[in-house]
Amino acid sequence: MSEFKTKCLIIGSGPAGYTAGIYTSRAGLEPIMVEGSQPGGQLITTTEIENFPGYIEGVAGPRLMEDLRAQATRYGLNIISGEVTDIDVSKRPFAVTVNGSDTTIVADTVIICTGAKARYLGLPEEEKYLGMGVSACATCDGFFFRNRPVAVVGGGDTACEEALYLANLCSKVYMIVRKDYLRASKVMQKRVMENEKISVLFNTNTKSLYGKDVLEGAKVATKTPSGIDDIQDIAIDGFFLAIGHAPATEVFAGKIELDEAGYIKVQGNSTATNVEGIFAAGDVADPVYQQAISAAGMGCRAALDAEHFVMLHTDA
Ligand code: NDP
């Protein structure tokens, strides 16, 4: 078992985490980052990001994360592989366990940037066909469905982005949208509606999935003006969830104050949690904006809050 000490531990390696890493490294806090199970976070599975300032032509998600990582490590951020499995918030410095009991990190301050995880509908068949047709990541798994029909659930920017990505690979893409409109930005809506391979099924919910060993289709119900649902089977080999994300806060429940949806609560205009010395940034603490650039901005604020805290409360 190994033990490390730091003035600032950053948990999570999305845009918030790396930005906090850049700032706290440059401030001399000698930060350590525990990068989590998906280094680089959600953007690692995103194709093109067109709205991150500074990239005139857009940038691929993995490329953006490589750039942020390289910038942070250049200033001395230490990155540890693994996941945080426990945190003792009862006293400072905080003791944080990584991967069971392999590693303990003792930290004067902690910045939580664990982001959010894909949500599922809750159908029993989602679990049954997970990896056998059901996926929450088109860029990871779309390749397996080349020239085959697939469906994407959701009407937000993620769903549109995934549908457009899949339309380049697959024979047909259904979008299953529960309302009578898409919530996505206008530019994404236009691209989807103009794509001949994409059929948008509005007012439609998925009832069940079926298939012998692998996914072969979905039973969907479309609301009609008569009030009676129109039930139909759509033959699909892939079923992609894009219905938003849930904050990754399981390990903090009961220790750090969360809101009713599980997001970490921050105090007023700061990134401080209810535990002195612990800060939160990015999607894990932001149910509203959830953008790469707003997460990065919040990571910067958390780093400045942590730096200020270290100055006031430690001998540093
Ligand atoms: P959103 O919350 O924006 O959209 C979720 C979609 O899933 C909505 O259409 C919602 O329907 C639907 N949905 C939720 N629960 C269910 C359910 N149980 N059954 C069926 N449908 C359901 O999430 P996104 O992941 O799309 O986006 C999150 C944020 O990230 C947004 O701010 C978005 O703009 C941003 N983003 C930006 C991108 C970019 O700029 N390149 C790319 C991707 C995301 P309903 O509308 O009925 O609630």
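A residue is called buried when its relative accessible area is under 20%, exposed when that area is over 50%, and partly exposed in between, as found with a 1.4 Å probe and with protein chains only as cover. By this scale Lys219, at 32% relative accessibility, counts as partly exposed. The structure is a predicted model, in which local features need pLDDT of at least 70 and side-chain atom pairs count only at pLDDT 80 or more, while totals for chains, interfaces and linings use all residues. Residues are numbered from 1 along each chain as its sequence is written, and side-chain values use heavy atoms, with hydrogens and water left out.

Side chains of opposite charge can pair when their charged atoms come close. With a salt bridge defined as a side-chain nitrogen of Lys or Arg within 4 Å of a carboxyl oxygen of Asp or Glu, the structure holds 12 salt bridges. One of them joins Lys219 to Asp233, with 3.1 Å from N to O. Because Asp233 lies in strand E16 (residues 230-235) and Lys219 in strand E15 (residues 217-222), this pair ties together parts that are 14 residues apart in sequence; helices (H or I, at least four residues) and strands (E, at least two) are DSSP runs, numbered from the N terminus. Asp233 is partly exposed, with a relative accessible area of 45%. Another salt bridge is formed by Lys91 and Asp88, whose closest N and O atoms are 3.3 Å apart; in this pair Lys91 is exposed at 53%, whereas Asp88 is partly exposed at 26%. In a further pair, Lys5 meets Glu3 with the closest N and O atoms 3.7 Å apart, and Lys5 is exposed, its relative accessibility being 65%.

Arg119, Arg178, Lys179, Arg183, Lys207 and Lys223 form a positive surface patch. Patches are made of residues with over 30% relative accessible area and no salt bridge, like charges being joined within 9 Å and nonpolar side chains (Val, Leu, Ile, Met, Phe, Trp, Tyr) within 5 Å. Lys and Arg count as positive and Asp and Glu as negative, while His and the chain ends are not counted.

Met188, Gln189 and Val192 are buried in H6, and they lie on the same side of the helix because they cover an arc of only 100 degrees around the axis, the arc being that of the directions from the helix axis to the C-beta atoms. On the other side of H6, Lys186, Lys190 and Glu194 are exposed.

In the loop between strand E6 (84-88) and E7, where Pro93 lies, a cis peptide bond joins Arg92 and Pro93, with omega about -5 degrees. The loop between E7 and E8 contains Asn99, which has a positive phi of about 50 degrees although it is not a glycine, and which is partly exposed at 37%. Gly100 is found in the loop between strand E7 (94-98) and strand E8 (103-112), and its C-alpha atom is separated by 5.9 Å from that of Thr85, 15 residues apart along the chain. Glu30, in the loop between helix H1 (15-26) and strand E2 (32-34), has a positive phi near 45 degrees and is exposed, with a relative accessible area of 58%.

Key: Areas by Shrake-Rupley, 256 points an atom, 1.4 Å probe, with all protein chains shown as cover. Charge placed at Lys NZ, Arg CZ, Asp CG, Glu CD.
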